Amino acid sequence: TNLCHVVFSEREKWTFVGSLKEVCRSAMEFGEESSPALAFEKDVFELTVEDVYDISYVIGRDLLKIRCKGEEVSDLQFKIVRVLEMFESLVTKYNLSIEELKMERDNLKGELDRILAERSSGQDTQTPGPNQMVVDLTDPNRPRFTMQELKEVLQERNQLKAQLMVAQEELQLFKSGILPQAEPPLVEVDLETPESTEHNSAKISEMKEERTAIGKLFSFKRK
Amino acid sequence: MAKKTYDLLFKLLLIGDSGVGKTCVLFRFSDDAFNTTFISTIGIDFKIKTVELQGKKIKLQIWDTAGQERFHTITTSYYRGAMGIMLVYDITNAKSFENISKWLRNIDEHANEDVERMLLGNKCDMEDKRVVPKAKGEQIAREHGIRFFETSAKANINIEKAFLTLAEDILRKTPVKEPNSENVDISSGSGVTGWKSKCCS
């Protein structure tokens, strides 16, 4: 009797945990096999916790029919109740996880849409700022030296230009006869040539021996 | 050993916005020529012109700077050695006139304190496109206590006058010394040293 009392209280539990709606409908249909049993035919992955309660209700009702038939049966009843509880937990957890994942997915979708809209509307953010530029790496005339390298090249160019001017000036003096012939000339120059080509080439070959900034930057071109 | 070809060396500097005609002003003065094609100056360049003032041969080494902002670091390193600076704007370009104060600030920051300054309003041959009245140029020059000329490199107006006046102003405050005094050797990695070592033995 003691055992039967326990079983009875379990039955009560199945009855009360079952959704009120299902209970009412069952009562109205006079206990006929009806909607609660349909839960058995549902797709496993579409089961809700209410379906679990329907299943519990049906199993509980069937167990009532065979109650007090022996100790083995009541043992089995406890096990069934336990399995149904596990089932309840699993279905609840599963449905919650699905819900969470759906929310997560919707959030990410919204974020993606927002970023895409921002990108298509705000094209300006892609264009370089006032102190930036886009470099086409396939363009042979692209800028490729640093400002420091440019500074060195310009300084050297200006130095060479100044030296050339000095040389041209001296040549002019030699030609005009201002400088006395006795004094040894700075550089061997053919005074008959109208242009100071020899003079220049002598200077240039001198330059080549130094490791100049220009030489460093452009040496690959001579190969 | 070689007889020196000048008595004094003055180092001048041209600054101002890109496209106002600094290179053309210089080209007119040094070569008496004018070219309409616009080739932006890369960084810094120079030309030489020897003039005679008060019986002295004065060699002018005139540095021509790029007006573009991206060359700023290169061009400002040349301010220090300049004895005279010409600030050029374009009378047909209001922006180049508005930027005068910016260029004057650059001078204050980077040039010697006693540098001789001059303001030039270039392209004065283009009267139909003028947007900066001559009076405005004169006013800002007066406010800063500097000389002012309207010039045209194309029509050769006031170019030589501007350079000679600037050179005279520098000459006036140059102490009477031998030409190899240290205020001549002002090159900071520039090409001036070549002449000095050879011409003053």
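Predicted model: local features only at pLDDT ≥ 70, side-chain atom pairs only at ≥ 80, totals over all residues.
**Chain B overall**

Chain B contains seven helices and six strands. Read from the N terminus, its elements follow the order β-α-β-β-α-β-α-α-β-α-β-α-α. Of the 201 residues in chain B, 51% are buried. Among contacts in chain B with a separation of 6 or more, 73% link residues 24 or more positions apart. The chain exposes about 9200 Å², and carbon and sulfur atoms supply 48% of that area.

**Strand S1 of chain B**

In a regular strand the side chains alternate between the two faces of the sheet. For S1(B), both faces are covered: B:Leu8, B:Phe10, B:Leu12, B:Leu14 and B:Gly16 are buried on one side, and B:Leu9, B:Lys11, B:Leu13 and B:Ile15 are buried on the other. Because nine of its nine residues are buried, S1(B) is largely enclosed by the rest of the structure.

| Strand pair | Sense | Bridges | Residues standing opposite |
|---|---|---|---|
| S1(B) and S3(B) | parallel | seven | B:Leu12 and B:Ile62 |
| S1(B) and S4(B) | parallel | five | B:Gly16 and B:Val88 |

In soluble globular proteins, nonpolar side chains tend to be buried together. In this model the largest nonpolar core has 32 residues, and B:Leu13, B:Ile85 and B:Leu119 have the most contacts inside it. At least two residues of this core come from each of helix H6 (147-176) of chain A and, in chain B, strands S1 (8-16), S2 (44-53) and S4 (84-90) and helices H4 (100-110) and H5 (134-143). H4(B) gives the largest share, four residues. Another core, of 27 residues, lies apart from the largest one and includes B:Leu26, B:Ile58, B:Ala167 and B:Leu171.

**Helical segments of chain A**

Helix H4 of chain A covers residues 49-65. At 1.5 Å a residue its 17 residues should span 24 Å, and its end C-alpha atoms are 25 Å apart, which agrees. H4(A) is mostly covered, with 12 of its 17 residues buried; among them are A:Val49, A:Tyr53, A:Ile55, A:Arg61 and A:Leu63.

For residues 91-118 of chain A, an unreviewed UniProt entry lists a "coiled-coil region". In the model this span is 100% helix and 0% strand, and its end C-alpha atoms lie 41 Å apart.

How values were computed
Residues numbered from 1 in each chain as written. Chains lettered and ligands numbered in written order. Heavy atoms only, no water. UniProt positions renumbered as here; feature names shortened; annotations may be inferred. Buried < 20%, exposed > 50% of the residue type's maximum accessible area, 1.4 Å probe, protein only. Contact = heavy atoms within 4.5 Å. Areas by Shrake-Rupley, 256 points an atom, 1.4 Å probe, with all protein chains shown as cover. Expected span 1.5 Å × (residues − 1). Core = buried A, V, L, I, M, F, W, Y, C linked by side-chain atoms within 4.5 Å. Pairing = 2+ DSSP bridges.
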